[in-house]
Amino acid sequence: MVNSRAKGQRGERQARDLCREFWHAPECERAGQTNGKVTADIIRALPNASVEVKNVAAIGAFKYMEQAMRDARPGELPVVMMRQGKSPLWLVMLEATKLEQLVVRFLRAMYLAKSPEYVDKFVSDALHTVK
């Protein structure tokens, strides 16, 4: 029998390590180490972010991510946008290790729309850090 508490803690440790490595968050910790002072599972992953970790056997949305990965052409970032029913809440899913790429692409598009003359400098400064 699987101990769900141990499984959740294991998932939180794995998520914490991923945040440290790929999200430039060396101070990231499990909230379980704060004696219940916060409600998020992971703290200091990103400024002003509440990160909830789910370590479950099956997530139905994975089939959508697999489709996005199959459909993406070389150089394209697979991203899934989804909502349930008529909910106004849209969710965005991508590989956690690709968050930095999404942010760089988002900022590039934002700069391009607002200040095209700064895009090349931004891209040269930012893209060199993307893995």
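Trainee: Why is cysteine 19 called buried?

Mentor: In this predicted model, cysteine 19 has a relative accessibility of 3%, and since buried means under 20% relative accessible area, cysteine 19 counts as buried.

Trainee: What makes cysteine 28 buried or exposed?

Mentor: The relative accessible area of cysteine 28 is 0%, which is set against the cut-off of under 20%, and cysteine 28 is therefore classed as buried.

Trainee: How do you know how many disulfides the structure holds?

Mentor: The structure holds zero disulfides. For cysteine 19, the nearest cysteine sulfur is that of cysteine 28, and it is 4.3 Å away, whereas a disulfide requires a pair of cysteine sulfur atoms within 2.5 Å, so cysteine 19 is in no disulfide.

Trainee: Why is aspartate 41 called buried, and where does it lie?

Mentor: Aspartate 41 lies in the loop between strand S1 (29–30) and strand S2 (42–43), and because its relative accessible area is 14%, against a limit of under 20%, aspartate 41 is placed in the buried class. Its C-alpha atom is separated by 9.2 Å from that of lysine 54, which is 13 residues apart from it along the chain.

Trainee: Why are histidine 24 and asparagine 48 called exposed?

Mentor: Exposed means over 50% relative accessible area; histidine 24, found in the loop between H1 and S1, has 55% and so is exposed, while asparagine 48, in the loop between S2 and H2, has 86% and so is exposed.

Trainee: What makes the backbone of these two residues worth a remark?

Mentor: Most residues other than glycine have a negative phi. Histidine 24 has a positive phi of about 55 degrees although it is not a glycine, and asparagine 48, also not a glycine, has a positive phi of about 55 degrees.

Trainee: How do you know that the span of helix H3 agrees with its number of residues?

Mentor: Helix H3 (residues 99–114) has 16 residues, which at 1.5 Å a residue should span 22 Å, and because its end C-alpha atoms are 22 Å apart, the two values agree. Within H3, the buried residues include Leu99, Glu100, Gln101 and Val104.

Trainee: What makes up the lining of the largest pocket, by class?

Mentor: The lining has 23 nonpolar, four polar and four charged residues. The pocket itself holds about 1,200 Å³ of space, and of the 31 residues that line it, the closest to its centre are Glu52, Lys54, Met93, Leu94 and Ala96. Helix H1 (4–22), helix H2 (62–71) and strand S4 (91–93) each supply at least two lining residues, and the largest share, five residues, comes from H1.

Trainee: What pattern does the protein follow along the sequence?

Mentor: The secondary structure comes to four helices and four strands, and read along the sequence they follow the pattern α-β-β-α-β-β-α-α.

Terms used: Residues numbered from 1 in each chain as written. Predicted model: local features only at pLDDT ≥ 70, side-chain atom pairs only at ≥ 80, totals over all residues. Heavy atoms only, no water. 1 Å grid on protein atoms, 1.4 Å probe; cavity = no way out; pocket = protein on both sides within 12 Å on 5 of 7 lines; lining within 4 Å. Points joined across faces, edges and corners; volume = space filled by probe spheres on them. Nonpolar A, V, L, I, M, F, W, Y, C, P; charged D, E, K, R; others polar. Expected span 1.5 Å × (residues − 1). Buried < 20%, exposed > 50% of the residue type's maximum accessible area, 1.4 Å probe, protein only.
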